[in-house]
Structures are given as C-alpha cells and as structure tokens.
Amino acid sequence: MLKPIEFILNRLSYYLLVLMVFSCSSKQNSNKDQLVFKYNEHKNIGSLDPAFSKDLADIWATHQLFNGLVQMDEKLNVKPCISKNWIVTDSATTYTFNLRNDVFFHKHKLFGKDSTRTVKASDFEYSFNRLKDKSVASPGSWVLNKVESYSVINDTTFQIQLKQPFPAFLGLLTMKYCSVVPKEIVEHYGSDFRSHPIGTGPFKFKRWEENIKLVFRRNNNYFESDKEGNTLPYLEAIAITFLPDKQSEFLQFAQGNIDFVSGLDSSYKDEILTSDGKLRSLYVDDVNMIRGPYLNTEYLAFFMETDVDELQALKLRRAINIGFDRSKMMTYLRNGIGIPANGGFIPKGLPGFDNSIGFTYQPEIAKQLVSEFKSETGNQNPEVTLTTTSNYLSFCEFIQREIQKIGLQVNIDVIPASSLKDAKANSQLDFFRASWIADYPDAENYLSLYYSKNFSPNGPNYTHFKSDTFDAMYEAAYLETNITEREALYTKMDSLVMTSAPIVPLFYDEVVRFTRKNVNGLGINATNLLELKTVQKNK
C-alpha cells in the first residue's frame, strides 16, 4: 500500500532540512567551541549526587564529577582509580585498598584556607556509611549488601570485609553509587548536595538551570594522565541541554550544535541508516558511527506460576520461541542494530555468553508443537495475552503476526511503563515484555533473575522460575575463584534456564553512537558509560 502523500512530503521536507543544516554546519562552528563537548539529555537529570545515580542520564553526568576506588575500562576490566592497587586475602573475603595521596576534591570555600584537600580513607568510610543510611534512602544501598564491614587502617588504606566470597564485587565498586564524597560539603548542603556537587572527577560543577542547561568545567587538579603523561581531561568544558524530543535532538546534531547522539530512535533511524545498519551517503562525510555490544537483553517473560493453560505448557512456550525470525525482526524494526538473541539470557559481551543454547527460527516445528497441544488438550483455539508498553508495540505486533501463522492467537495489551513495572513486580502479568540492563558487568547479575530466593516482589525473579539444580550451581559460582570454571558454570546455568523456556529472548542490544567527524577519543563500552576525560575536538 502506498503511503499517504502528506507523509511522503513530510519525509522529503525532513531530508531537505537535514541536507541544508549539514551543508552549512561547518560555517556555524566557531573556534571557541573546539574545547567544549556538547550533548543533549532528553530524559533530564534528577540529581548530581552519586548516591542517587540510578538512571543512565544521571550516571553520565555524575561520572564526569566523581571517582571511586576503582573504575572500568572499555573492555570491562577493573582498573585502579583513587585506589592505586589492592590485595584480596582470607579466601577472597577481605579487600585491602591502597589509596593515592594526590587526589584532591574540587575547590570549595568550605574546605578552608586551601579551598581543597586530599581524599583519605575516612572519606570512603563516610561515603559508604551514607550509602547505607536509611534516612538518605539511596537506591544504591543494595551494592553493599554483601559487605560485612569496612574500616580505615590509616589515611591511605581502606579495608572491606565481605560476608562471603563474591567474584563480581570489584565490578560493583565501579558503580557511581560507590563514589567518594566530602563530609563537610555534604553535611553543609544536605539534600541540596544534588545541585551543589563536589567530587574529584575530571570535570567540576559550574552551573545548572534545571531542564534547560548544565555546564561542567575542566578540573585543573585532576590526578589522571594519558599514556604520554599529559594531564586529563583535554576538554575545557561540557555543556548539556535538555531537549525532550529525539528528532529535535538529531536536528541539533545535524546543525553542529551538539557533538553526538546516542541510540537509535525511530524518529530518525531511517533517515541516517540503511536497512542493514550502514550510514546513508548523506552522512558519511560528516558523521562517524560507533557501535558495539551493550549489556542489555530484551525479552518476553512468562510467569511460571500462571493459571493460564497455554502458558503452563512447555510446548507452547517453545513454539513461541522458535515461531518468529529474530534476524528479520532486527532488520525491519532496528535497521540491523542489535544482535538476534539465539543464545540464552546472558548477552553477548559478557563471559558466559553462548549463542548455541537458545532457540532458532523453526516455523514447521513450531506449528507441530501447537498442533500437539491442541490434540492433547482439546483446545482448538489457544490464545495468550502479551502485555507491553507503546515503545515496544512494533516488536510485539511483529511477533503477534508470526505466531498467529503457527496457530496460536496472540492478543496485545498496551499499558504505561510504570504500570507494567509494578504489575510484573507483583506477579500480576502472565506474559509480558521486559529488558535487563546490567547493574554491573558480570553474568551473575543476569542469572540472579532465576535464583529462587529472588522471587519478586522481594527480588528480580519476575518469572518465578525455580530449579534446585540451578540454585545449587548459582551458589557454587560465588565460591568459584577460577575464572574459567566460573564462566563454565554461568553457561550451564543459562542453558538450564532455556530448557524450561521461562522467557523468549528477543535481542541483545548494541550501543550505537553518532559523532561529528571532529570528535576524537569518544570510545564505546558494553555498559554504555559516557567517558569524556579522553575526548578531544578538532577544527
């Protein structure tokens, strides 16, 4: 069917506008912009206090302002930060961190004569106490759940004792929740520390007009250097705007008013990319595209304690898994961005991932499974209801059409995201769309969704999957210090989950970033962290 003429004209106008702004963008850039990195945050920022860095928008901002004991590199390796090194003893339950003595807080008059001071081990003790303080109500307090105690040995030595071995612990410490904050500043501002942040990061807070603009300036006392010994960061400033509309954000990028956009939004994906995920010729000379695995699994989930006969049947859950073409779905709906999920729940990019343990497209076998269900139950018109949000309606409609071809009716119920979140946590949905973005880069974080002691609403096991064998392997992985053996355990657990098909993995997401050609050093990582301390802008 031909598209309405109005739609075609609107698209043509859009292409002409983009072509125009790209052709004149170089004339609009001035030399003063060369040391300022500009981006838009369409979801706004709730707080600049790292104890509340729950959403990606907040994490991106606070990452520029704060540091912790350790940090993650682009390959997800844990590296030194304020802690220059550490040792692990007592059967992997005691972590002793030796701190640098050249890390200074951003300048503030409350520090007294020198307007700053060095970070000490007691600052981490205070920061961790604050993270656990129920009156602060940090959403990141759970990060310390496996910690028995922590103590200050001296000004440059901080020690943490765990309740039991936990191989992913260092990864947890890279989260912004674990950033160091200065007691005198936090106690002076109280809850207003959210808008008066003082940290140790490569940039320092300058100005915030909420929902309008946020500005950070270079921290000239920053402690890290590049491989040649040059002090970081290279940029003079970061400027963040808050346009709520993604298409407007893309036009600002096309005009050269912002330096990069992140993600592939439906409002511009067909304008900038071909169906197989390549930059269109219009953008090749002005834009770089960076893409790589993102620790995010998009999936459909079944509630395993459901009363719905169709969903209780393993045959139908398997039929749904093999009844649609994931590769076709990614081409049509995501322009090839994203990896079809033919493996388990662990996404590509994490140790433990195995692309052979899941489901592939087998429509004839899917039809046979549905036919067998009908014969065994006498139910000649099986149907299920899939609950989703409007953002993922196109995916669910694609699956609906494909699954109906194998003889199973799929109804779609669209509800607000907040309603879906509450309903799945309280076991009110039988079949629903979901996603899991890694809290920390270890497959244990994904497998925790299938541990029986994590049944929702008290944990993230929304499917209420239960297996004694799985639980035993999950607990054994905590005690396994051999990396190779632990990865093998992760894969076995993931495979065990897939044999019961409590979920339908859709795709493993990819980080995709579009930058102007004059931006260098903006890398990419599987946690989608925005690292700006090594970014440079050229004329």
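## Strands 5 and 7 and their sheet

In this predicted model, Thr94 stands opposite Gln161 of strand 7. The two strands concerned, strand 5 (residues 94-99) and strand 7 (residues 157-162), run antiparallel and are joined by five bridges. They belong to an open sheet of four strands, ordered 4-5-7-6 and paired in the antiparallel sense. Strand 4 (83-89) and strand 6 (147-154) form the edges, each pairing on one side only. From one strand to the next, the twist averages 20°.

A helix accompanies this sheet. Helix 3 (residues 121-132) lies across strand 5, strand 6 and strand 7, and its direction makes an angle of about 155° with strand 6.

Strands of a sheet pair through backbone hydrogen bonds, in either a parallel or an antiparallel arrangement. Strand 8 (residues 203-209) and strand 9 (residues 213-218) adopt the antiparallel arrangement, over six bridges. Within this pairing, Trp208 has Leu214 of strand 9 as its bridge partner. Three residues lie between the strands of this hairpin, where Asn211 takes a positive phi near 70°.

Strand 9 is also joined to strand 10 (residues 237-241) by five bridges, and these two strands again run antiparallel. Here Arg217 has Ala237 of strand 10 as its bridge partner.

## Packing of helix 9 against helix 11

Two packed helices are described by the angle between their axes and by the distance between those axes. For helix 9 (residues 314-322) and helix 11 (residues 363-377), the angle is about 160° and the axes are 8 Å apart. Helix 9 is therefore roughly antiparallel to helix 11, an angle over 145 degrees being counted as such. The crossing of the two helices is left-handed.

Helix 9 contributes Lys315, Leu316, Arg318, Ala319 and Ile322 to the contact, while helix 11 contributes Pro363, Ile365, Ala366, Leu369, Val370, Glu372, Phe373 and Glu376. By class, the residues of this contact comprise nine nonpolar and four charged, with no polar ones.

## Confidence of the model

The mean pLDDT of the protein is 91, and 94% of its residues reach 70 or more. Residues 1-9 have a pLDDT below 50, and this stretch has one contact in the model beyond near neighbours in sequence. The pLDDT is also below 50 over residues 14-30, a stretch with 29 contacts beyond near neighbours in sequence.

Notes
Residues numbered from 1 in each chain as written. Predicted model: local features only at pLDDT ≥ 70, side-chain atom pairs only at ≥ 80, totals over all residues. Heavy atoms only, no water. Axes fitted to C-alpha atoms, helices over the stretch in contact; angles between N-to-C directions. Parallel < 35°, antiparallel > 145°, perpendicular 65-115°, else oblique. Left-handed = near helix turned anticlockwise from the far one by under 90°. Contact = heavy atoms within 4.5 Å. Nonpolar A, V, L, I, M, F, W, Y, C, P; charged D, E, K, R; others polar. Pairing = 2+ DSSP bridges. pLDDT = per-residue confidence, 0-100.
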